[in-house]
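Below are some notes for a colleague reading through this model.

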Amino acid sequence: MELKKENLEKALTALTRLGKVLVPGVVDGVKKFVPYAAGADIDLDMVNTTLPPKDVLFPQTQKMYRFTTGPDAAFEEISDAEEQILFGARPCDAQSIDCLDKVFLSGEYTDAYYADKRGKLTIVAAACAKAAPTCFCRSMGVDPGGAPNADLLLAPTAGGWNLHCQSDKGKAVLEALSGLLEDADGQALPPAQPELVVDMAPVAEKISTMFEHPIWDELHRPCIGCGTCTFVCPTCYCFEMGPEMHGAEGTEMRYWDSCMFSEYTRMAGGHNPRPSAKERLRNRYLHKLSYFVERYGQTLCVGCGRCVEKCPANLDISRAIEMIGEAKTE
Amino acid sequence: MSENSANNKNPLLPQMCKVIDVHRETPDVKKFRIQSVQGQRPFATLPGQLGMLSLPGVGEAMFSVTAEGDDWLEMALKQTGLLTDALHELNPGDIVGLRGPYGNHFPIESSKGKDMLFISGGIGLAPVRSFIRYAFKHRADYGYIDILYGARSYDDLVFKEELFENWPKEPDTSLHVTVDRGSPNWQGNVGFVPPYLEECAFSPAGKLAVLCGPPIMINMCLKSLSKMGFADEQIVTTLEMRMQCGIGKCGRCNIGSKYVCLDGPVFTLAELRELPQEV
């Protein structure tokens with residue numbers, strides 16, 4: 001089945017009956033996923049949005065519960081999940097959602113806020129026929145031609161996309177699109193071949209032994225601790241919780257936090273186990289390339305290249321992976 | 001708000017509780033007895049487990065549960081920052097939030113039949129006290145009990161009633177208390193915990209050492225215990241990192257791939273040697 005480009009707007013309009021449709025768009029010059037509205041400035045040709053779609057499941061600010069203080073104190077849970085369709089997410093972004101699923105849904109505790117939103121999310125992923133210069137997804141084990149955890153996969157053709165249904169939620173999308181699809185498949189375009197290639201094999205072999213390696217004395221030097229890398233990263237999920245007060249009433253909020261900030265690990269009394277950029281950058285890279293692998297069996301980097309593109313100090317995780325791979329260990 | 005967060009699907013939602021008793025331990029430590037607003041114990045804990053205590057509108061922080069009764073939990077809080085300043089203002093009847101229990105616990109099963117050596121400094125006695133109380137409650141399960149405790153001065157010793165009244169009366173138990181600086185109201189040993197530990201010359205045979213205190217004291221005592229012949233598997237300690245969620249999601253309390261809130265706070269020295277040295 002093929003969806004022709006000329007039917008895209010009709011298709012998105014049809015999907016709004018299923019829930020809030022989020023599409024790659026541009027707002028104030030920033031490329032990100034935005035709620036679809038007829039005539040909106042959508043761009044399915046852009047390779048990657050500047051901001052990742054993680055806020056769809058893990059908002060930058062999440063209201064957790066309301067409370068009142070004083071003798072009549074009370075707490076009231078807030079649930080704000082709604083049906084959402086993430087349309088046009090790239091394979092790297094779909095893989096990043098798989099990483100977030102591991103964090104928030106697996107293990108002893110399930111994160112209720114994430115679980116509510118995840119249960120109501122339909123992922124319509126768009127495979128990539130072209131790559132940006134900063135893309136290195138294949139090196140991180142992500143196939144730009146597929147997205148195993150998507151409900152529906154759009155595979156690009158010369159005049160639109162072939163649709164591959166991958167779940168029951170995908171079937172619901174197909175049903176909503178009936179009448180707008182061609183019966184036959186179009187001529188599929190070959191998947192992208194990113195030019196940026198890094199070798200994770202030597203890194204996987206030795207990184208767990210490199211905590212004390214002198215390479216960290218070098219790698220962190222350009223870092224100014226701005227946190228941009230964690231902000232644009234589709235898999236960075238660290239958060240902070242705290243109250244917003246209005247008189248005696250308040251709302252407990254959850255915010256994105258960044259392991260690159262000094263406050264992040266500073267304890268009451270002033271002790272900080274990660275006092276400088278060296279310890280913080282080391283922890284971020286080791287978390288992505290080693291600790292997460294130990295805990296969940298996959299890397300916490302999907303090779304989307306956003307941090308490479310946006311770091312104001314030109315820190316480049318793909319280059320770091322190369323350097324770690326080449327570093328001498330005993 | 002959950003009436004009982006133990007049964008709630010949302011682990012980040014605190015249970016509404018009230019302070020039922022406040023006891024000043026030292027100039028900067030107070031002990032709080034906490035109960036659910038329905039008059040029950042907020043949750044059951046095992047020795048060494050943690051609770052996330054919150055003051056609505058101010059903040060939340062993780063503390064060890066130092067004791068539990070049939071219908072209460074106890075936490076001992078040292079005044080060190082914004083939140084503990086505010087918590088120290090609380091009076092019986094005041095409302096707090098509580099989540100938990102979090103973390104693993106002291107090895108209460110594998111230590112059965114062994115002699116116990118509890119070593120702690122300052123507020124570090126708070127987590128260790130939960131194990132000491134457990135051992136006395138199940139006295140027949142444990143061998144000889146030595147409790148070594150030190151603080152900056154006599155005034156800074158916490159849980160004095162137990163240290164000087166209750167615990168010395170227990171059978172097969174010795175107390176070894178020391179202070180960094182002597183004073184007219186102190187007749188006992190003066191000196192830091194690690195040298196006093198070596199002076200006491202405990203035999204490692206059949207013994208488990210449980211250690212908690214400030215990082216410098218822990219590091220020195222680990223060296224002393226190794227020197228005294230204790231194997232890495234015979235030494236248990238607790239780690240502290242800044243924590244926020246308590247459920248291994250928010251990211252900040254990791255040491256290597258372990259989360260202190262989830263996989264800790266209790267580790268054997270053998271386990272610690274496998275982790276990056278970042279505390």
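Predicted model: local features only at pLDDT ≥ 70, side-chain atom pairs only at ≥ 80, totals over all residues.

1. In chain A, the axes of helix H8 (residues 277-296) and helix H10 (residues 317-326) come within 12 Å and cross at roughly 70°. Since angles from 65 to 115 degrees count as roughly perpendicular, H8(A) and H10(A) are therefore roughly perpendicular to each other. On the H8(A) side the contact is made by A:Tyr285, A:Lys288 and A:Leu289, which meet A:Ile317, A:Ala320, A:Ile321 and A:Ile324 in H10(A).

2. Chain A contains an open sheet of four strands, in the order S5-S4-S11-S10, with antiparallel pairing. Strand S5 (74-77) and strand S10 (239-246) of chain A stand at its edges, and each has a single partner strand, so one side of each is left without a neighbour in the sheet. On average, and with direction ignored, neighbouring strands of this sheet are turned by 25° against each other. Helix H3 (residues 112-119) of chain A packs on the sheet and touches S4, S5 and S11 of chain A, and the direction of H3 makes about 125° with that of S4(A).

3. Within that sheet, how many bridges join strand S4 (residues 61-68) of chain A to strand S11 (residues 249-256) of chain A? There are seven bridges between S4(A) and S11(A), and the two strands run antiparallel.

4. Strand S2 (residues 20-27) and strand S3 (residues 30-35) of chain A run antiparallel and are joined by six bridges, with A:Pro24 standing opposite A:Phe33 in S3(A). The hairpin of S2(A) and S3(A) has two residues between the strands, and in this hairpin A:Asp28 takes a positive phi near 50°.

5. Strand S9 (residues 160-165) of chain A pairs with strand S1 (residues 2-4) of chain A in the antiparallel sense over three bridges, and here the bridge partner of A:Glu2 is A:Asn162 in S9(A). S9(A) also pairs with strand S8 (residues 152-156) of chain A, in the antiparallel sense and over five bridges; in this pairing A:Pro156 stands opposite A:Trp161 in S9(A). S8(A) and S9(A) form a hairpin, with three residues between them.

6. Chain A is divided into domain 1 (2-50 + 80-176) and domain 2 (201-326), and the C-alpha centres of these two domains of chain A lie 26 Å apart. The contact involves 23 residues of domain 1 of chain A and 24 residues of domain 2 of chain A. Between them, the two domains of chain A bury about 1,900 Å², 63% of it on carbon and sulfur atoms. In domain 1 of chain A, the residues that lose the most area to domain 2 of chain A are A:Thr134, A:Phe136 and A:Met140, which together account for 29% of what that side buries.

7. For chain B, the domain assignment gives domain 1 (15-102) and domain 2 (115-238), with C-alpha centres that lie 24 Å apart. The contact takes 17 residues from domain 1 of chain B and 15 residues from domain 2 of chain B. The area buried between these domains of chain B is about 1,200 Å², of which carbon and sulfur atoms give 55%. In domain 1 of chain B, B:Glu25, B:Pro47 and B:Thr66 lose the most area to domain 2 of chain B, together 37% of what that side buries.

8. Chain B also has an open sheet, of seven strands in the order S4-S3-S7-S1-S2-S6-S5, and the pairing is antiparallel. Strand S4 (59-64) and strand S5 (67-68) of chain B are the edge strands, each pairing on one side only. Four bridges join strand S1 (residues 15-26) of chain B to strand S7 (residues 95-102) of chain B, and B:Cys17 stands opposite B:Val96 in S7(B).

9. Finally, the contact between the chains takes 48 residues from chain A and 40 residues from chain B. Chain A and chain B bury about 3,600 Å² between them, and carbon and sulfur atoms give 57% of this area. A:Phe75, A:Tyr109 and A:Arg295 supply 22% of the area that chain A buries against chain B, more than any other three residues.

Key:
Residues numbered from 1 in each chain as written. Chains lettered and ligands numbered in written order. Heavy atoms only, no water. Axes fitted to C-alpha atoms, helices over the stretch in contact; angles between N-to-C directions. Parallel < 35°, antiparallel > 145°, perpendicular 65-115°, else oblique. Contact = heavy atoms within 4.5 Å. Pairing = 2+ DSSP bridges. Domains from an automatic or database assignment. Buried area = accessible area lost by both parts, 1.4 Å probe.
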